Amino acid sequence: VTITTRLLVSHLSGIRHYEKDITKVKEEKEKANRALKLTKSHQDKEQKEGKEIEKTDCVKRKKEHDSETKSQNSKPGRNDKEFEQEEYYLKEKFESVIESLKIFKNDPLFFKPGSQFLYSTYGFTLLSAVVERASGQKFTDYMLKMFRDLDMLSTVLDDNEAMIYNRARCYIYNKKGRLVNAPYVDNSYKWAGGGFLSSVGDLLKFGNALLYSYQAGQFKNRNAKLLPGYLKPGTVAMMWTPVPKTEVSWDRDGKYAMAWAVVEKNQQYGCCRQQRHYASHTGGAVGASSVLLILPEELDPEALGTWPVAPPRGVIVTIICNMQSVSLNSTALKIAREFDKEKRAQ
């Protein structure tokens, strides 16, 4: 088979996640699909008939798929017991991402690349190895230089040995429901899939840089006053274009694109539910949760050539929480919509 970087970045490679048993992965995906179909049929019925479902019916429906929807609170393929996987708690230090490939390089693929979607942290480990070989330098050095270009000076490797000012303590709930310190782990096996520390301010800079790059090509560059974006507009548009056969558990309206989850603008019926175009990604690690959400402003083509209107135009929300298994995307989306509503009213 052939595995391309595009398949890796969209989680279509067939490389496993933390769960090694393909049977368990299939069972969880089937549960998630049943819950999704049930929810969609419920929404379609409400929209087409325009009737309110009786409370008793809602309660019954909720009981039928409560256990299934619990698996939808985090990344695709993840279940409630994911953090029980031993590989989350690796303490071995790897000197390079090439070396860390030994964890999974001899494991069988779960499916033919390109045929199915499975969120895979190890797929991004392999992706970082591609960057390392293509750039001719260590992946970590390459990324730290990029963060410096983006003025993300507080974004660093989550290295246990290094003295990092203002590094937060991470927490989890133990089996008795008590708050305790998260266990020690070494993230050198997955720098690209969850090995960096950052701040809210830095993630906002990152979001603004992407939104600026995405919108820069839509504005008329009068007297060369508008600087180019860090990425080409077409590159960001490609990154934010949904890829077929993918899925996103933290927003059922979305599809996975290239390292981003994307919800496209859509409204099927007049005066009914409306989807806004936005891109986001959640993060989950031992003792921590996060989200970065970008809601681009719907620009008026006739006003794009006028100043002082200039990119980036939209709302960016990021939340970092030093608590494990916290679902944050819906909260971020609500915040973004409130700020967007206020901007429109001005």
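**Helices, core and salt bridges of a predicted model**

Ile 3 is found in the segment before helix 1 (5-9). Helices (H or I, at least four residues) and strands (E, at least two) are DSSP runs, numbered from the N terminus. The structure is a predicted model: local features need pLDDT of at least 70, side-chain atom pairs count only at pLDDT 80 or more, and totals for chains, interfaces and linings use all residues. Residues are numbered from 1 along each chain as its sequence is written, and side-chain values use heavy atoms, with hydrogens and water left out.

Ile 3 is partly exposed, at a relative accessible area of 32%. Here buried means under 20% relative accessible area, exposed over 50%, and partly exposed in between (1.4 Å probe, protein chains only). Together with Val 1 and Leu 109, Ile 3 makes a nonpolar surface patch of about 260 Å². Patches consist of residues with over 30% relative accessible area and no salt bridge; like charges are joined within 9 Å, nonpolar side chains (Val, Leu, Ile, Met, Phe, Trp, Tyr) within 5 Å.

The chain has nine helices and nine strands. Of its 346 residues, 41% count as buried. The accessible surface comes to about 19900 Å², and 52% of it belongs to carbon and sulfur atoms. Areas come from the Shrake-Rupley method with a 1.4 Å probe; for residues, only the protein chains shown count as cover. Among contacts (heavy atoms within 4.5 Å) between residues at least 6 apart in sequence, 67% join residues at least 24 apart.

The largest nonpolar core has 41 residues. Such a core is a set of buried Ala, Val, Leu, Ile, Met, Phe, Trp, Tyr and Cys residues joined through side-chain atoms within 4.5 Å. Tyr 122, Leu 210, Trp 240, Trp 260 and Ile 294 have the most contacts inside the core. Two or more core residues come from each of helix 1, helix 5, helix 6, helix 7 (200-216), helix 8 (233-239) and strand 8. Helix 5 gives the largest share, four residues.

Helix 6 (residues 139-149) has buried residues Phe 139, Thr 140, Met 143 and Phe 147. They span an arc of only 95° around the axis, which puts them on the same side of helix 6. The arc is that of the directions from the helix axis to the C-beta atoms. Their cover includes helix 4 (97-100), helix 5 (121-135), strand 1 (156-157) and strand 4 (196-197). Exposed Lys 145 and Arg 148 sit on the face turned away from the buried side.

The structure holds 15 salt bridges. Each is a side-chain nitrogen of Lys or Arg within 4 Å of a carboxyl oxygen of Asp or Glu. Arg 16 pairs with Asp 107, the closest N and O atoms being 2.6 Å apart. Arg 16 lies in the loop between helix 1 and helix 2 (22-49) and Asp 107 in the loop between helix 4 and helix 5, so the pair ties together parts that are 91 residues apart in sequence. Arg 16 is buried at 3% relative accessible area, whereas Asp 107 is partly exposed at 31%. A second bridge joins Asp 159 and Lys 93 (3.6 Å, N to O). Asp 159 lies in the loop between strand 1 and strand 2 (171-173) and Lys 93 in the loop between helix 3 (55-69) and helix 4, so this pair ties together parts that are 66 residues apart in sequence. Asp 151 forms a salt bridge with Lys 205, with closest N and O atoms 3.1 Å apart. Asp 151 lies in the loop between helix 6 and strand 1 and Lys 205 in helix 7, so the pair ties together parts that are 54 residues apart in sequence. Both are partly exposed, Asp 151 at 38% and Lys 205 at 35%. Salt bridges that share partners join Arg 16, Lys 20, Glu 87 and Asp 107 into one network.

Backbone geometry was also examined. Cys 271 has a positive phi of about 60° although it is not a glycine. Cys 271 lies in the loop between strand 6 (261-263) and strand 7 (278-285) and is exposed, at 87% relative accessible area. Ser 325 has a positive phi near 60°. Its loop runs between strand 9 and helix 9 (329-345), and Ser 325 is exposed at 55%. The peptide bond from Pro 311 to Pro 312 is cis, with omega near 0°.
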